[in-house]
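Reader: I'm new to this structure and would like to learn how to read it. Could you walk me through some features, giving the general idea and then the case?

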Amino acid sequence: MSPVQLGHEQLKAYEGRSTSAAGVGKDLVNEPMIRHWCEAVGDTNPAYRGPDAIAPPTMLQAWTMGGLSGHADRSGAYDELSGLLDDAGYTSIVATDCEQEYLRPLRPGDRITFDAVIESVSERKTTKLGTGHFITTRMDIRANGEPAGTHRFRVLKYAPAVRDPERAGRNPEAAKVGERPSKADERSPKTGGRSQASRRAEGSGQAARARRPRPVVNRDNAGFWEGVAGHRLLIQRCTGCRTLRFPWLPGCNACGAPDWDTVEASGAGTVFSYVVMHHPPFPAFTVPESDADADAAGPHVPDTRTADPHATAPQAVDPHASVAGPDTEAPAPRTPTGSSPYAVGLIELAEGVRIVSNVIGVPYDKVRIGMPVRLAFLRVEEEWELPVFRAAEGGEG
């Protein structure tokens, strides 16, 4: 479905509207946070240590962040603008750049306050990612009431462009405007949050299926996804120092060389670490009851001893869905009918690199560090598959 072309005056009406007024930093500027920051980025500047220490200027935004609980003083202007663009079909978002201006050093003990506004909304722009609008927010930051700096953050809200020429040939309209339906079609507030597609499916006796988030495919990682489409898990290898690397990068992080080739993974690996996803539930990742019955050992009861209640896994997949091995054709996806926890693992491949994916084939509470796993491929849509890892026979913990 084509995104709706919104009038620029309608969008400009949001310019100057506050997104956070009289916000207060949750902590004073402090030495422990400065130390953690410097250690994380490897900054050994002596100005950030000792009795006269100042905070690194690039920490400016860190003192305004709300953490997992957020800030209670946010207005609804930004969410309203974002929802308007969602409903018009501009459903994807990517951060493009930020600008910071430093007016005075920040020192331990400073109390940070700030105001934020929507500074500008661009006219409709066409980029390589797709067509959309750039939104710039400006935050004015004060330390003990004195101006300390300005932080501008810009995102692109866009409708993704279709990059598959075959698919574009089948759907010329999608080739022009992107591959996702508009939010107006996906979730209309007038229909209790259900999409028009859902209501049509219900009317025809078919269950609706939530759409799984798609990865961004670009020139740096396109080869990886081409390999997955051919049931091959490809690892980059520097042609200079022969170092293997994953995920894919434009250059070697060991020697800096830009040239590389690939090595196909054998498919063997072990669980290096993992997290069990209990909350929040993601409808696109829920477990089909038919598969859950086959694999689960009893009811899924949240295990708070192992779960991270706030963990997120953007590319996590269904833990019990039908999968295919590297040499077999993956079956079509089945419609999820319920929600259950699932395991997301950091898998150490036999080749020595690590990949984040799902551990399947065993109940989520039976996944263990060191468990041997084998590569498989999950078909989540007609033309899209994901690499996942099935617990090897006899490997259940």
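Reader: Let me start with a helix end: which residue just after α2 takes a positive phi?

Author: Gly42 does, with a phi of about 75°. A word on the ground rules: this is a predicted model, where local features need pLDDT of at least 70, side-chain atom pairs count only at pLDDT 80 or more, and totals for chains, interfaces and linings use all residues. Residues are numbered from 1 along each chain as its sequence is written, and side-chain values use heavy atoms, with hydrogens and water left out. Helices (H or I, at least four residues) and strands (E, at least two) are DSSP runs, numbered from the N terminus.

Reader: What caps the N-terminal end of α2?

Author: Think of polar contacts here: pairs of N or O atoms within 3.5 Å, where, within protein, one must be able to donate a hydrogen and the other to accept it, and residues adjacent in sequence count only if both atoms are side-chain atoms. Asn30 is the cap of α2 (residues 31–41), with a side-chain oxygen 2.9 Å from the backbone nitrogen of Met33.

Reader: How do I read strand pairing, say for β5 and β6?

Author: Two strands pair if DSSP finds at least two bridges between them. β5 (residues 130–143) runs antiparallel to β6, and 14 bridges join them. They form a hairpin with 2 residues between them, and Asn144 in the turn has a positive phi of about 55°. Asp140 stands opposite Thr150 in β6. β6 (residues 146–160) also pairs with β2 (residues 92–102) in the antiparallel sense, over 10 bridges, and there Asp97 stands opposite Arg154.

Reader: Which residues of helix α8 are buried?

Author: Buried means under 20% relative accessible area, exposed over 50%, and partly exposed in between (1.4 Å probe, protein chains only). In α8 (residues 222–229), Phe224, Trp225, Gly227 and Val228 are buried. They cover an arc of only 155° around the axis, which puts them on the same side of α8; the arc is that of the directions from the helix axis to the C-beta atoms. Glu226 and Ala229, on the other side of α8, are exposed.

Reader: What do the buried residues of α8 pack against?

Author: Their partners are β7 (234–238), β13 (372–381) and β14 (384–391).

Reader: Which residues touch the most other members of the largest nonpolar core?

Author: In soluble globular proteins, nonpolar side chains tend to be buried together. A nonpolar core is a set of buried Ala, Val, Leu, Ile, Met, Phe, Trp, Tyr and Cys residues joined through side-chain atoms within 4.5 Å. Here the largest has 31 residues, and Leu233, Ile347, Leu349, Val359 and Phe389 touch the most other members. Its largest share, 6 residues, comes from β13.

Reader: How many aromatic pairs does the structure hold?

Author: It holds 4. A pair of aromatic rings is described by the distance of the centres and the angle of the planes. Rings of Phe, Tyr and Trp (its six-membered ring) pair if their centres lie within 6.5 Å; planes under 30 degrees apart count as stacked, over 60 as edge-to-face and the rest as tilted. Phe224 and Phe246 have ring centres 5.5 Å apart and planes at 65°, so the pair is edge-to-face. Trp248 and Trp260 are also edge-to-face, at 5.1 Å centre to centre and 65° between the planes. Phe224, Trp225, Phe246, Trp248 and Trp260 form one aromatic cluster.

Conventions:
Contact means heavy atoms within 4.5 Å.
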